[in-house]
Amino acid sequence: NILMPREPSSEFPAVTFCNLNPINFYNSTASNNVRLMFYARLLANLSTQPNYANYVCHKSTNMLIQSMISSNLANNNNPGSSNVSSLFKFFTIDDMLISCYYNQKACSKSDFTTFFSGTYGLCYMFNTRGSTKKAVKPGSSNGLQLELFVGLPDNQPCWITSHGAVIAIHNRSVYPLLTDEARRVEPGRETNLAISRTFINKLPSPYSDCIENVYSNDSFPSASFALTVNSLGIYIQKYCIYLCSLRMSSSSNTRSCLDSGNYTLDGLRSCFFTVTNLEPFYPSCYTQCPLECSSSFLDATPSVAMYPPLKYSESLLNKLPNFQAINGKNASSLSYAEISSSVLSVNVYYESLVYVEVDDSAAIDIGTTLSNIGGNLGLYIGVSIMSFLEVVEYLYEFFLILRKKYPKGRKSKINDRSTSHA
């Protein structure tokens with residue numbers, strides 16, 4: 001059954017943004033530490049090779065650095081307050097957030113929750129604190145409006161092959177799976193993301209193998225299932241598969257790449273790809289992570305426009321108070337091309353307050369089964385309800401005949417005769 005109800009107001013989802021290139025390489029601390037981790041341990045052995053710059057300025061080099069960051073995060077007990085954040089100097093929310101509005105009212109960094117991603121460093125979630133934010137109208141002016149600074153492109157090293165931010169729209173009760181849910185947004189553009197919702201309700205056993213109780217870790221005999229419920233407070237299959245694959249690919253293997261003594265670029269690339277590629281574990285994890293009976297899906301239809309206009313750009317970066325200290329340039333001295341290549345705008349909103357609800361129903365119930373049996377009997381052998389009544393009538397008449405043939409009185413006479421002969 002497919003329904004399309006409309007709500008007077010809808011719960012607004014969580015929205016997460018991260019910098020596509022999390023490290024601010026203008027910062028001398030970050031640059032030096034990356035060089036200590038990367039150049040000194042690896043590239044020094046390659047400096048004598050021909051075409052050295054071309055060998056390093058490669059997309060896989062950036063992937064390698066991200067794997068090294070993941071290794072530091074995975075092997076650090078508290079990356080948020082430890083030397084990891086100071087080691088790499090990630091872009092903070094103060095560095096990135098130019099302006100924020102929700103339902104045409106100003107919001108601030110206090111409305112965001114910070115968490116670490118092994119791929120994107122510091123990420124920031126909106127609508128995860130306090131009371132649930134509601135959307136009462138569809139349209140771009142009635143959702144979340146963000147203006148973000150993503151860094152000056154000329155501060156990035158040669159192996160950075162793309163520039164911008166990533167946005168994830170997700171359930172507000174859990175952290176996003178950025179590898180699956182994040183989409184890239186480019187600088188110099190205003191990106192509109194119009195949300196649509198689909199809710200799917202499946203029938204439990206015996207109609208399917210889905211899990212009805214998603215709040216108990218005893219609903220399915222699997223360590224990954226229990227880990228998901230204990231970690232999130234609720235079971236969601238895609239998180240279970242992710243946690244299961246992480247358990248199978250131990251984070252200690254990532255550090256072993258750095259400690260193996262194999263400091264050739266190709267050797268480390270191959271090692272990191274092997275231990276960070278989780279796809280080989282997915283088939284085994286699907287058997288440990290069943291589908292939940294009730295699930296929801298958020299989809300976002302994008303549209304873009306040029307951003308920012310020339311006159312508007314002149315004062316845009318002055319809204320960031322520490323801009324010069326972070327980037328080494330005065331905002332007023334930047335050209336329009338430099339500004340437009342370092343800022344972007346994102347509007348997240350409901351396209352409509354109507355949502356799609358898909359409910360499973362039994363294809364054949366008891367009534368349908370009886371109807372099919374009766375129909376087939378009537379079609380193939382001419383049996384009808386009257387035929388069953390006739391069978392009952394025949395059985396009743398047969399019973400009467402037996403009663404007349406063997407009355408109770410005859411049995412008593414036979415017993416009497418037996419007694420007299422004795």
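Me: At 30% relative accessibility, what does Phe-199 count as?

Reply: Happy to start there, keeping in mind that this is a predicted model. Buried means under 20% relative accessible area and exposed means over 50%, with partly exposed in between. At 30% relative accessibility, Phe-199 therefore counts as partly exposed.

Me: How many aromatic pairs does a search of the whole structure find?

Reply: Let's take the total first, and then one of the pairs by itself. A search through the whole structure gives an aromatic pair count of 12.

Me: Why is the pair of Phe-12 and Tyr-350 described as edge-to-face?

Reply: The ring centres of Phe-12 and Tyr-350 are 5.9 Å apart, and the ring planes meet at 80°. Planes over 60 degrees apart count as edge-to-face. With planes at 80°, the Phe-12 and Tyr-350 pair is therefore edge-to-face.

Me: How many residues apart in sequence are the parts that Phe-12 and Tyr-350 tie together?

Reply: Phe-12 sits in the loop between strand 2 (10-11) and strand 3 (14-19), while Tyr-350 belongs to strand 14 (residues 343-350). The pair therefore ties together parts of the sequence whose separation in residues is 338.

Me: Are Phe-12 and Tyr-350 buried or exposed?

Reply: The cut-off for buried is under 20% relative accessible area. Phe-12 has a relative accessible area of 0%, and Tyr-350 has one of 2%. Phe-12 is therefore buried, and Tyr-350 is likewise buried.

Me: What are the centre-to-centre distance and the angle between the planes for Phe-199 and Tyr-355?

Reply: Phe-199 and Tyr-355 form an aromatic pair of the edge-to-face kind. For this pair, the values are 5.2 Å centre to centre and 80° between the planes.

Me: How many residues apart in sequence are the parts tied together by Phe-199 and Tyr-355?

Reply: Phe-199 is in strand 12 (residues 189-201), and Tyr-355 is in the loop between strand 14 and strand 15 (356-359). Tyr-355 counts as buried at 13% relative accessibility. In residues, the sequence separation between the parts that the pair ties together is 156.

Me: Which residue lies over the face of Tyr-350?

Reply: Tyr-350 also belongs to a cluster linked by ring pairs, whose members include Phe-17, Tyr-124 and Phe-126. Over the face of Tyr-350, at 4.7 Å from the ring centre, lies Arg-197.

Me: With which residue does Arg-197 form a salt bridge?

Reply: Arg-197 is buried, with a relative accessible area of 7%. In its salt bridge, the closest N and O atoms are 3.1 Å apart, and the partner is Glu-7. The link joins distant parts of the chain, 190 residues apart: Arg-197 is in strand 12, and the loop between strand 1 (2-3) and strand 2 holds the partner, Glu-7.

Me: What is the N to O distance in the salt bridge of Lys-109 and Asp-94?

Reply: Lys-109 is partly exposed, with a relative accessible area of 47%. Asp-94 counts as partly exposed too, at 40% relative accessibility. Their side chains meet in a salt bridge, with an N to O distance of 3.1 Å.

Me: Why is strand 7 (residues 121-126) largely enclosed by the rest of the structure?

Reply: It comes down to how its residues are covered. Strand 7 is largely enclosed because the number of its six residues that are buried is six.

Me: Which residue in strand 7 stands opposite Phe-17?

Reply: Strand 3 and strand 7 pair in the antiparallel sense, with four bridges. Across from Phe-17, the residue in strand 7 is Tyr-124.

Me: Which residue in strand 7 is the bridge partner of Thr-113?

Reply: Strand 6 (residues 112-117) runs antiparallel to strand 7, and six bridges join them. These two strands form a hairpin with three residues between them. The bridge partner of Thr-113 in strand 7 is Met-125.

Me: What is omega for the cis peptide bond that joins Tyr-307 and Pro-308?

Reply: Pro-308 lies in the loop between strand 13 (294-306) and helix 12 (310-313). The peptide bond joining Tyr-307 and Pro-308 is cis, with omega about -10°.

Me: What is the phi of Gln-104?

Reply: Gln-104 is found in the loop between strand 4 and strand 5, and it is exposed, with a relative accessible area of 55%. Its phi is positive in a residue other than glycine, at a value near 70°.

Terms used:
Residues numbered from 1 in each chain as written. Heavy atoms only, no water. Phe/Tyr/Trp six-rings, centres within 6.5 Å; stacked < 30°, edge-to-face > 60°. Buried < 20%, exposed > 50% of the residue type's maximum accessible area, 1.4 Å probe, protein only. Lys NZ or Arg CZ within 6 Å of the ring centre and 35° of its normal. Pairing = 2+ DSSP bridges. Salt bridge = Lys/Arg side-chain N within 4 Å of Asp/Glu carboxyl O.
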